[in-house]
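Thanks for coming, everyone. Please bring up the sequence and the model on your screens.

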Amino acid sequence: MERTESLSCSWLLVDASKELTRKSTLPSETIHTLMTYLSDSLHLVAIRLHQPAVRENSTQVTYELLNDNIPRRLNQVITFPADFVKSMRPGGDRDYLIYDSESDVNPVQGEINVGYVSIFLRHVEEGEFLGLLELVFKDENRYPSERDISVLQALKELLFEQVAVFEKKRRGTGDVEDDEVLDYLSGLHRYESFVEKIDRIIPDVVDENHGIVILCTDINHFKLVNENMGYKKGDELLRLSGQMAASIENLIDACRYYSDNFIMAIRVENPDDDRIRARVEGENQRNAASLQKVVGDSQIRFNSGVYIIRNPKMDAASAISYANTARKQAKVFKGVHCVVFTEKMIEELRRSEQLNNELPNAIKNRNLKVFYQPKISCENERLIGAEALIRWQRDDGSFIYPDQFIPEFESNGNIIQLDYFVYDEVFRFIRNRLDRGLLVVPISMNVSRRHLENEDILFYIDHLFNKYDVPAEFIEFELTENIYIDNIEPALHFITRCNHRGIKVSMDDFGSGYSSLNMISEIPIDVLKIDGVFMHRGKTLNHNDKVVLNNVIRLGKDLKMIVLCEGVETREQVDFLKEAGCDIIQGYFFGKPMPESDFTEFMSKDA
């Protein structure tokens with residue numbers, strides 16, 4: 001590709017050195033200062049530092065600065081094609097790569113910088129690959145010429161030098177001042193130094209009359225602030241939240257764990273669960289009211305989990321894990337925004353650990369089973385499709401039901417391998433029926449929010465299409481309403497790529513949470529699945545239910561969507577939905593989720 005005018009950026013190195021000398025920064029601040037200076041001077045959309053990840057051909061974004069509303073990738077693992085990695089590794093033929101996403105072959109899975117020009121500069125020392133500096137430009141006339149790359153390489157070396165210094169000191173292999181372990185965004189300590197400090201102080205503080213409250217807090221739907229108001233507003237919210245955390249009475253220390261997750265350690269006398277819960281709830285409400293002024297119409301709410309250290313032999317990491325478990329409970333319970341960890345939750349943690357340990361063998365031994373729930377056409381009450389659902393059957397024949405393991409696997413990422421197992425089974429099932437000339441109907445499969453953290457799912461889907469040669473018309477993916485709310489940009493990207501492949505995408509559980517009519521009008525989904533909550537588990541539909549259902553069905557039809565209603569259990573409900581114009585029905589009235597053998601028999605009735 002022909003490159004346009006140069007930046008003539010040879011002055012950057014001298015000026016950057018002057019800037020750092022003037023500010024006399026510590027290593028952690030130096031990294032941020034250099035990135036900010038480069039970003040401002042070169043008018044960058046984004047600048048990222050990648051360091052090697054455990055996954056093959058992958059890096060993790062460890063530092064990031066954004067100046068435009070593009071997807072945030074901090075802490076995410078980015079996977080590159082093998083040929084790209086080979087060219088950038090020691091001995092490879094490239095020290096840098098310039099990529100124009102409008103015309104060049106995409107070097108990064110998921111097209112992380114769609115619509116922009118990017119430069120990837122590799123960092124190698126003594127034959128070892130240590131990472132990449134990624135510079136993202138909005139205007140292709142602004143990026144450097146070949147002549148300028150040497151200057152950027154020098155600045156890249158300076159950045160990675162500071163990263164090495166900071167990492168060395170943070171790991172305790174050098175002298176470190178207290179200020180050097182601060183998170184520059186929130187002003188709080190980093191997680192590692194926080195844990196070390198709490199471990200040191202527990203034996204000195206905790207006795208029969210004194211305890212330490214470990215408080216884990218996040219900002220509910222923080223991603224909506226980033227998506228709707230931009231990352232600069234989100235960063236302002238994090239800075240203010242850090243200030244609030246640092247001002248808590250009797251605070252021992254605080255840190256920002258990641259993103260909008262904060263951890264605080266508070267000294268308390270004669271700790272009482274109810275009193276502490278009430279205190280946290282009160283402070284959360286006051287802080288939320290203060291932050292509301294920053295974000296305007298966006299609703300601010302905190303979710304908090306508490307663990308009280310009463311044993312001087314307790315370690316900080318375990319206490320944090322318990323408090324974080326309670327925080328996750330607070331996100332689930334409606335109307336409850338602070339949960340204190342109990343002994344019952346310890347049993348739940350042990351059960352979760354057992355499930356995680358059993359999962360690999362469950363997959364290997366095929367204890368995981370794919371069940372199919374029929375979807376029925378309203379027009380003629382014949383089979384028109386099915387939804388694939390997972391069941392876990394132990395060796396003794398008993399079942400572990402989805403609500404007992406899916407939330408846990410969602411939280412720790414194991415849901416990905418669980419979903420991949422389901423996808424493979426569904427593709428295999430369809431291919432087998434095609435080969436035998438039997439009736440085949442579209443099968444829908446669920447997509448976890450975890451899949452949207454990277455683009456591996458799209459490559460796995462392509463792999464399955466190549467492996468089984470299944471027509472795209474038989475495949476559908478379902479994303480729940482809340483996934484769209486919390487992950488709008490990656491969800492849109494996933495939908496677009498599915499559309500290009502001819503795969504249908506549905507919005508599941510519509511009406512169960514935080515529906516946004518404006519969002520519905522902008523998302524190119526094919527199927528709108530109305531949540532079964534309106535069916536009231538088989539009870540007679542009341543007037544209000546009918547009004548809501550009529551209007552939601554009309555909305556979907558006006559937007560040219562296929563409308564499906566879940567949870568249908570009675571003939572009255574079926575007749576009403578037919579009259580209202582619903583397209584597809586799913587529920588116990590026509591069939592419960594059933595194993596493959598039973599679903600095969602069910603299909604034979606419609607053959």
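I will walk through strands, a helix pair, cysteines and a few single residues.

Two ground rules before we start. This is a predicted model, so local features need pLDDT of at least 70, side-chain atom pairs count only at pLDDT 80 or more, and totals for chains, interfaces and linings use all residues. Residues are numbered from 1 along each chain as its sequence is written, and side-chain values use heavy atoms, with hydrogens and water left out.

Helices (H or I, at least four residues) and strands (E, at least two) are DSSP runs, numbered from the N terminus. Two strands pair if DSSP finds at least two bridges between them. Buried means under 20% relative accessible area, exposed means over 50%, and partly exposed lies in between, with a 1.4 Å probe and protein chains only.

Let's begin with strand β12, residues 368-377. Why do we call β12 largely enclosed by the rest of the structure? Because nine of its ten residues are buried.

Which strands does β12 pair with? Take β13 to start, residues 383-393. Nine bridges join β12 to β13, and the two run antiparallel. Find Q373: its bridge partner in β13 is E387. The hairpin of β12 and β13 has five residues between the strands. Look at E381 there, which takes a positive phi near 55°.

Next comes β21, residues 594-595. Two bridges join β21 to β12, again antiparallel. Here F371 stands opposite P595.

Then there is β20, residues 584-585. It pairs with β12 in the antiparallel sense, over two bridges. S377 stands opposite I584 of β20.

Stay with β20 for a moment. Two bridges also join β20 to β19, but these two run parallel. The bridge partner of L564 in β20 is I584. So where does β19 lead? Strand β19 covers residues 562-565, and pairs in the parallel sense with β18, residues 527-530, over four bridges. In that pairing, V527 stands opposite I562.

Now a separate item: an open sheet. Which order do its five strands take? The order is β8-β9-β7-β10-β11, and the pairing is mixed. The edge strands are β8 (251-258) and β11 (338-340), and each pairs on one side only. Neighbouring strands in this sheet are turned by 20° against each other on average, direction ignored. Zoom in on β8 and β9, residues 261-269. They pair in the antiparallel sense over six bridges. D253 has A265 as its bridge partner in β9.

While we are in β9, find E269. Is E269 buried or exposed? E269 counts as exposed, because its relative accessibility is 55%. E269 and E208 are 61 residues apart in sequence, and 9.4 Å apart C-alpha to C-alpha.

Here is another pair of that kind. R200 sits in helix α5, residues 191-205. At 56% relative accessibility, R200 counts as exposed. R200 and D315 are 115 residues apart along the chain, yet their C-alpha atoms are separated by 9.3 Å.

On to helices. Two packed helices are described by the angle between their axes and the distance between the axes. Axes are lines fitted to C-alpha atoms, for helices over the stretch in contact, and angles run from 0 to 180 degrees between N-to-C directions. Our pair is α13 (residues 456-468) and α15 (residues 488-501). They pack at about 20°, with axes 11 Å apart. Therefore α13 and α15 are roughly parallel. The cut-offs are these: under 35 degrees is roughly parallel, over 145 roughly antiparallel, 65 to 115 roughly perpendicular, and the rest oblique.

Last topic: cysteines. A disulfide is a pair of cysteine sulfur atoms within 2.5 Å. How many disulfides do we count by this rule? The count is zero. C255 is in no disulfide, and the nearest cysteine sulfur, that of C216, is 8.1 Å away. C255 is buried, at 0% relative accessible area.
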